[in-house]
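These are my notebook entries on one protein structure. I set down what I looked up, entry by entry.

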Amino acid sequence: MKKFLVILSMLMLMAACSEPYDLKTRSADRVFLCVEAPLTNMPSVQTVRLTESVDYQSTKDVPAVSGAEVTVSDGDNVTVFTERPGSPGHYDSPKNFYCKSGKNYRLSIDCKLSTGKSGHYEADSEMAGNGFDIEKIDYKYLGPLSDSTWVVGIWGTDKPQTSYFIVTTAVNGEVSPTTSLLERSILMPDTYFNGGHISGFPIGFMYQNANQMKKYGPCAKPLEKGDIVSLVVYTMTKDPVSTPVAS
């Protein structure tokens, strides 16, 4: 087995600001704010994405929410997220922004939807610490099940508290040539290995990355010497933490 560097990045996912929604109710005249705000402990430009809900059977593009005021506060400092030029609905932090483990963060949003309704929305979440001590990982090619996919197994010790995770795997910083990080993730509780030692637990998948696709085409390609595999973990709370307040 080739040796390769393993990086575990613990991240925090702020729950989307949401309102109860009944699928049996006609949605054409009801629009809700949808928030995607994964904030991490890795210094970088981080992004909050704001969109509007659409009808369940709609084939139209999801409308972006532009012109909003978006901030993240840790109780001492307030960071302003600025809408990205040319990318409506995407609000970026300053460079090298990151969250510290153990601190509580509040996401605040003031915006107006296409219906003309203005609203103030808040979500609170604590930046989680490392919940798993990794000893090693390994991977196995899925063969005829998928021509460019490997399952990733993990060895190590889980800390004794039940948590909920979205886990994905990146190779050399790339998650997938065509899809986003969250679309290539697996949502799971740690119920089955809570507080125990794990041997070869299937934690996620590894897909052909963009550079490999250019070099080898859409075919199976294992890791090479020098490749860096990152397990990216979003820690989630079980219960909603958002507080939408209409104004």
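**Entry on Tyr-234.** I looked up Tyr-234 and found it in strand 14, which covers residues 228–236. This is a predicted model, and I read every value below with that in mind. Is Tyr-234 buried or exposed? Its relative accessibility is 6%, and the cut-off for a buried residue is under 20%, so Tyr-234 counts as buried. I then compared Tyr-234 with Thr-168: they are 66 residues apart in sequence, and their C-alpha atoms are 8.8 Å apart in space.

**Entry on the whole protein.** I noted that the secondary structure comes to 1 helix and 15 strands. Of the 247 residues in the protein, 38% are buried. I also looked up the contacts between residues at least 6 apart in sequence, and 65% of these join residues at least 24 apart.

I next examined an open sheet of 3 strands, whose order is 9-10-13 and whose pairing is antiparallel. Which strands stand at the edges? They are strand 9 (132–141) and strand 13 (197–207); each has a single partner strand, so one side of each has no neighbour in the sheet. On average, neighbouring strands of this sheet are turned by 25° against each other, direction ignored.

Strand 9 and strand 10 run antiparallel and are joined by 9 bridges. Strand 10 and strand 13 also pair in the antiparallel sense, over 9 bridges.

**Entry on strand 10.** How many of the 10 residues of strand 10 are buried? I found that 7 are, so strand 10 is largely enclosed by the rest of the structure. Trp-150 lies in this strand, which spans residues 149–158. With a relative accessibility of 4%, Trp-150 counts as buried. Trp-150 and Met-206 are 56 residues apart in sequence, yet 5.0 Å apart in space from C-alpha to C-alpha. I also recorded that Lys-136 lies over the face of Trp-155, at 4.6 Å from the ring centre.

**Entry on the nonpolar cores.** In soluble globular proteins, nonpolar side chains tend to be buried together. I therefore looked for such groups here. The largest nonpolar core has 22 residues, and those with the most contacts inside it are Leu-33, Leu-50, Val-70 and Ile-109. Strand 2 (33–40), strand 3 (47–52), strand 4 (69–73) and strand 7 are the elements that give two or more residues to this core. Ile-109 touches several residues beyond four places away in sequence, among them Leu-33, Val-35, Leu-50 and Val-70. There is a second, separate core of 16 residues, including Val-167, Ile-198, Ile-203 and Leu-231.

**Entry on aromatic rings.** I counted 1 aromatic pair. The ring centres of Phe-81 and Phe-97 are 5.6 Å apart and their planes stand at 80°; the pair is edge-to-face because the angle is over 60 degrees. This pair links distant parts of the chain, with Phe-81 in strand 5 (residues 78–83) and Phe-97 in the loop between strand 6 (90–92) and strand 7 (104–112).

Terms used. Residues are numbered from 1 along each chain as its sequence is written. This is a predicted model: local features need pLDDT of at least 70, side-chain atom pairs count only at pLDDT 80 or more; totals for chains, interfaces and linings use all residues. Side-chain values use heavy atoms; hydrogens and water are left out. Helices (H or I, at least four residues) and strands (E, at least two) are DSSP runs, numbered from the N terminus. Buried means under 20% relative accessible area, exposed over 50%, partly exposed in between (1.4 Å probe, protein chains only). Rings of Phe, Tyr and Trp (its six-membered ring) pair if their centres lie within 6.5 Å; planes under 30 degrees apart count as stacked, over 60 as edge-to-face and the rest as tilted. A charge sits over a ring if NZ of Lys or CZ of Arg is within 6 Å of the ring centre and within 35 degrees of the ring normal. A nonpolar core is a set of buried Ala, Val, Leu, Ile, Met, Phe, Trp, Tyr and Cys residues joined through side-chain atoms within 4.5 Å. Contact means heavy atoms within 4.5 Å. Two strands pair if DSSP finds at least two bridges between them. Axes are lines fitted to C-alpha atoms, for helices over the stretch in contact, and angles run from 0 to 180 degrees between N-to-C directions.
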